[in-house]
Amino acid sequence: MKLPFVGVVILALSLGGHPSVAWPGTGATYRGGLVTPPLPKPKFVLTDTSGAPFDFWRDTEGSVTLLFFGYAQCPDECPLHMSNIATALKRMPPGLGDHIKVVFVTTDPARDTPKLLRAWLNQFDKRFIGLTGNEAAVGAAQRAAGVPAATKISRAGGHYAVGHANFVLAYTGDNLAHVIYPGGITQQDWLHDLPQLVHETWK
């Protein structure tokens with residue numbers, strides 16, 4: 001389930017199959033949405049799937065970091081984003097993917113146990129980092145990232161889905177997210193943008 005993105009002004013947005021968006025003054029083009037002002041990398045600490053604390057700011061320093069909030073039982077957008085990113089990383093030139101970290105924060109900590117979350121992420125890429133915590137900690141992480149808070153959506157029989165933001169935040173070496181990637185971004189779009197994000201200086 002997805003919620004609309006709020007709280008930032010998007011300069012331009014291009015989905016798969018559409019023309020790329022040029023970053024002003026650089027000649028670089030991106031297939032995500034350029035954001036102004038860029039979003040600062042948030043500071044929060046959650047728990048990874050091995051049970052160790054993960055300091056998001058410190059433990060991603062120096063890497064291009066893709067941050068997504070979702071949940072393992074999501075029927076559509078979460079597996080699609082993770083699959084497209086994983087495929088693009090496998091197709092990148094050797095060594096380039098080592099400069100990229102993918103961090104998935106569960107918005108359903110009650111059901112996404114560390115073991116379940118690890119198994120789900122491993123279906124895409126064993127390098128993906130899964131984070132969890134209690135609802136208060138996950139909520140604080142969403143606020144720190146400027147992401148709309150996830151909400152439970154009741155279903156028949158006591159079941160529920162989780163409404164959550166449907167975009168990936170891409171933080172680069174300056175600890176800012178100049179680009180976000182909404183639903184509709186393809187493997188080819190990621191393959192086009194990720195190498196540029198690794199080398200980008202945002203001059």
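Before we go on, a word about the model. It is predicted, so local features need pLDDT of at least 70 and side-chain atom pairs count only at pLDDT 80 or more, while totals for chains, interfaces and linings use all residues. Residues are numbered from 1 along each chain as its sequence is written, and side-chain values use heavy atoms, with hydrogens and water left out.

Now let us step back to the whole chain. The protein chain holds five helices and 14 strands; these are DSSP runs numbered from the N terminus, with helices (H or I) of at least four residues and strands (E) of at least two. Of its 203 residues, 49% are buried, where buried means under 20% relative accessible area, exposed means over 50%, and partly exposed is in between (1.4 Å probe, protein chains only). The accessible surface comes to about 9,100 Å², and 58% of this belongs to carbon and sulfur atoms; the areas come from the Shrake-Rupley method with a 1.4 Å probe, and for residues only the protein chains shown count as cover. Contact here means heavy atoms within 4.5 Å. Among contacts between residues at least 6 apart in sequence, 69% join residues at least 24 apart.

Let us move to the interior. A nonpolar core is a set of buried Ala, Val, Leu, Ile, Met, Phe, Trp, Tyr and Cys residues joined through side-chain atoms within 4.5 Å. The largest one has 37 residues, and Leu-66 and Met-82 have the most contacts inside it. Two or more residues come from each of strand E8 (64-70), H2, E9, H3, strand E12 (160-165), E13, E14 and helix H5 (187-199). H2 gives the most, with six residues. Leu-66 shows how such contacts run: not counting residues up to four places away in sequence, its partners include Ile-85, Val-102, Val-168, Trp-190 and Leu-194. Apart from this core lies another, of 22 residues, among them Phe-56, Val-103, Val-147 and Ala-177.

Helix H2 (residues 77-91) also carries His-81. This histidine counts as buried because its relative accessible area is 3%. Leaving aside neighbours within four places in sequence, His-81 is in contact with Phe-68, Asn-166, Phe-167, Val-168, Tyr-181, Pro-182 and Gly-183. With Asn-166 there is a polar contact from side chain to side chain, at 3.1 Å; the term covers a pair of N or O atoms within 3.5 Å, where within protein one must be able to donate a hydrogen and the other to accept it, and residues adjacent in sequence count only if both atoms are side-chain atoms. Asn-166 itself belongs to the loop between E12 and E13, and its relative accessible area of 7% makes it buried as well.

The aromatic residues come next. A pair of aromatic rings is described by the distance of the centres and the angle of the planes. Rings of Phe, Tyr and Trp (its six-membered ring) pair if their centres lie within 6.5 Å; planes under 30 degrees apart count as stacked, over 60 as edge-to-face and the rest as tilted. A search of the whole structure finds seven such pairs. One of them is tilted and joins Phe-104 and Trp-120, with 5.0 Å centre to centre and 50° between the planes. This pair links distant parts of the chain, as Phe-104 is in strand E9 (residues 100-106) and Trp-120 is in helix H3 (residues 114-122), 16 residues apart. Both residues are buried. Ring pairs link Phe-68, Phe-104, Trp-120 and Phe-124 into a cluster.

Finally, look at the backbone. A cis peptide bond joins Thr-36 and Pro-37, with omega about -10°, and Pro-37 lies in strand E5 (residues 33-40). Asn-175 is not a glycine, yet it has a positive phi of about 65°. This asparagine is found in the loop between strand E13 (167-171) and strand E14 (176-182), and counts as buried because its relative accessibility is 11%.
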